[in-house]
Amino acid sequence: MKTLTSGAGNEYVTIYYEEKTKVVMDVWDGMFGHQENFRKGVLSVIDIIKEKECKYWLADLRNMVGSFDSQKEWIKEEIFPLMMKYGIEKQSIVIPNNIFSKVSANSAILEIGSLKIKQFGEYDPALAWLLS
């Protein structure tokens, strides 16, 4: 488990890894603050994917507050190629409750349609799909 904090000391993402299922999960909570914090969180997940040879990524954005619209191109051009390079087969995304974050998530997902990615409103179906 790895938890990242903002400059103000607020925890904004916790990353878990499950050896048995090869699932990495990032759980976002509240505001991540600067876009650099968003990138740091995503890159921390990528590090675990590479190190542990994860097959599945569950991004739990339900409690995320804030927009990552400015990061869409970075996600598309840098992150998703790394996911494929390091062996991610599927990603499920539990969409945010916050409307602004939800719009960001929806936009990012639409631009990466070739990868096996699916959105969910709840955690349990998201995990079940990854493991199916």
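Tyr 12 counts as buried because its relative accessibility is 1%; buried means under 20% relative accessible area, exposed over 50%, and partly exposed in between, with a 1.4 Å probe and protein chains only. Trp 28, at 2%, also counts as buried.

A word on the source. This is a predicted model, where local features need pLDDT of at least 70 and side-chain atom pairs count only at pLDDT 80 or more, while totals for chains, interfaces and linings use all residues. Residues are numbered from 1 along each chain as its sequence is written, and side-chain values use heavy atoms, leaving out hydrogens and water.

Now the aromatic rings. Rings of Phe, Tyr and Trp (for Trp, its six-membered ring) pair if their centres lie within 6.5 Å; planes under 30 degrees apart count as stacked, over 60 as edge-to-face, and the rest as tilted. By this rule there are six aromatic pairs. One of them joins Tyr 12 and Trp 28, a tilted pair with 5.8 Å centre to centre and 40 degrees between the planes. Tyr 12 is in strand β2 (residues 11-18) and Trp 28 in strand β3 (residues 23-31), 16 residues apart, so the pair links distant parts of the chain. Helices (H or I, at least four residues) and strands (E, at least two) are DSSP runs, numbered from the N terminus.

Trp 28 also pairs with Phe 32, edge-to-face, at 6.0 Å centre to centre and 80 degrees between the planes. Phe 32 is buried, with 2% relative accessibility. Which residues form one aromatic cluster? They are Tyr 12, Trp 28, Phe 32, Phe 38 and Phe 68.

Next, helix α1, residues 35-52. Its 18 residues should span 26 Å, and its end C-alpha atoms are 26 Å apart, which agrees; the expected span is 1.5 Å times one less than the number of residues. The buried residues of α1 include Phe 38, Gly 41, Val 42, Val 45 and Ile 49. The buried residues of α1 pack against β1, β2, β3, β4 and α2, where contact means heavy atoms within 4.5 Å. Just after α1, Glu 53 takes a positive phi of about 55 degrees.

Last, the cores. A nonpolar core is a set of buried Ala, Val, Leu, Ile, Met, Phe, Trp, Tyr and Cys residues joined through side-chain atoms within 4.5 Å. The largest has 28 residues, and Trp 28, Phe 38 and Ile 49 are among those with the most contacts inside it. Which element gives the largest share of this core? Helix α1 does, with six residues. Another core, of nine residues, lies apart from it and includes Val 23, Phe 120 and Trp 129.
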